[in-house]
Amino acid sequence: VSSLKGKDLLTLLDYTSEEVQGLVALSTQLKIITKEGTCPKLLEGKTLGMIFEKHSTRTRISFEVGMNQLGGKGMFMHARDLQIGRGESIYDTAHVLSGYLDGIMIRANSHAMVKELAKHASIPVINGLTDIYHPCQALADLETIAENKGELKGLKIAYVGDGNNVAHSLVVASAHVGMHVAVATPIGYECDTAVIAKAQAIAAANGSMITITNDPVEAVKDADAVYADVWTSMGQEEEAAKRLQDFAAYQINDELVAHAKPDYMFLHCLPAHREEEVATSVIDGPNSYIFEQAENRLHAQKAVLASILG
Ligand code: CP
Ligand code: NVA
């Protein structure tokens with residue numbers, strides 16, 4: 001996607017619908033050619049710095065392997081080992097890293113911090129999850145649905161659970177491809193209204209609808225895909241007991257998915273807690289695409305990397 005060269009990826013709100021659709025199509029293409037053993041070495045000699053303030057399995061490994069498959073190198077750095085971990089400023093860090101690297105992927109506690117890093121870095125910054133967004137996940141989610149359902153436009157996806165980073169990026173991404181999206185959260189755990197308002201404008205332009213509700217049955221009704229994330233995100237561990245109670249009626253189980261289309265896809269960004277946000281019978285059942293979805297992180301990451309750093 002040539003218009004993305006040198007750009008940051010902080011949130012898909014900064015991208016056009018054509019760019020998001022292009023990234024999804026490119027992911028699928030890269031998946032096919034990677035499996036054929038002919039993935040082009042588009043990033044030969046390039047190094048991506050990967051900074052993590054939080055745990056990760058999929059994001060870390062898919063970015064590192066993705067760089068590898070494109071002929072470049074991914075370099076893992078835990079924030080606590082860098083001098084930012086003992087107070088070096090984001091401003092100085094951004095300038096110093098810009099002298100060594102071709103791009104930075106960062107998983108951070110605070111989206112504001114990532115914005116500041118991007119502001120002062122002269123190289124592209126890619127968001128690998130913050131408190132508000134998880135755009136790379138959403139691209140892999142769209143690819144997974146597109147591969148299995150064909151056209152995304154006009155489909156309906158239901159997200160049931162916490163109005164968190166994954167929910168925000170899923171809503172924005174769905175809006176960009178004209179997919180209807182319904183989000184059901186408990187009262188007090190709704191998505192950020194400013195994010196939803198911006199996504200509404202994108203959805204309207206692409207002919208799709210965003211439904212915000214507290215009723216999981218309303219959200220899941222006739223859905224083509226049903227999506228879950230954890231009830232307690234990284235950094236919210238002290239709220240876990242309260243959240244377990246507050247989300248009890250929002251478990252995705254056989255009774256709830258009976259309202260979806262019979263051939264619905266179950267999706268989860270992972271890691272998952274079986275018998276909390278999703279029943280084992282659903283996540284390990286015939287409608288679950290979770291491992292394909294996790295694998296697609298690799299191809300979606302390559303589409304992002306090839307477009308931005310290529
Ligand atoms: N889905 C996701 O981002 O997984 P990790 O936390 O393992 O990177
Ligand atoms: N909402 C979860 C997603 C993990 C990939 C978290 O932020 O911990």
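Why is Leu43 counted as buried? Leu43 is buried because 25 other C-beta atoms lie within 10 Å; a residue is buried with 20 or more other C-beta atoms within 10 Å of its own, exposed with 12 or fewer, and partly exposed in between, C-beta atoms being placed from the backbone. The structure is a predicted model, in which local features need pLDDT of at least 70 and side-chain atom pairs count only at pLDDT 80 or more, while totals for chains, interfaces and linings use all residues. Residues are numbered from 1 along each chain as its sequence is written, and chains are lettered from A and ligands numbered from 1 in the order in which they are written.

Leu43 is placed in the loop between α1 and β1 (47–52); helices (H or I, at least four residues) and strands (E, at least two) are DSSP runs numbered from the N terminus. Leaving aside residues up to four places away in sequence, Leu43 touches Met67, Leu70, Gly71, Gly72, Leu305, Ala306, Leu309 and Gly310, where contact requires C-beta atoms, placed from the backbone, within 7 Å. Between the C-alpha atoms of Leu43 and Ala146, which are 103 residues apart along the chain, the separation is 26 Å.

The protein chain is assigned domain 1 (2–133 + 297–309) and domain 2 (137–293), with bounds from an automatic or database domain assignment. The C-alpha centres of domain 1 and domain 2 are 24 Å apart. In domain 1, 23 residues are in contact with 21 residues of domain 2. On the side of domain 1 that touches domain 2, two or more residues each come from α1 (17–35) and α12 (290–309). The largest share of that side, seven residues, is given by α1. This side of domain 1 has ten nonpolar, nine polar and four charged residues; Ala, Val, Leu, Ile, Met, Phe, Trp, Tyr, Cys and Pro count as nonpolar, Asp, Glu, Lys and Arg as charged, and the others, Gly among them, as polar.

Strand β8 (residues 225–228) points Ala225 and Tyr227 one way and Val226 and Ala228 the other, and all are buried. Strand β5 (residues 156–160) pairs with β8 in the parallel sense over three bridges, pairing requiring at least two DSSP bridges. Ala225 in β8 is the bridge partner of Ile157. Strand β9 (residues 265–268) runs parallel to β8 and is joined to β8 by four bridges, with Val226 opposite Phe266 in β9.

Around ligand 2 are Leu129, Asn164, Asn165, Val166, Asp229, Val230, Ser233, Met234 and Cys269, a residue being near if its C-beta atom, placed from the backbone, lies within 6 Å. This shell comprises five nonpolar, three polar and one charged residue.

Conventions
Contact = placed C-beta atoms within 7 Å.
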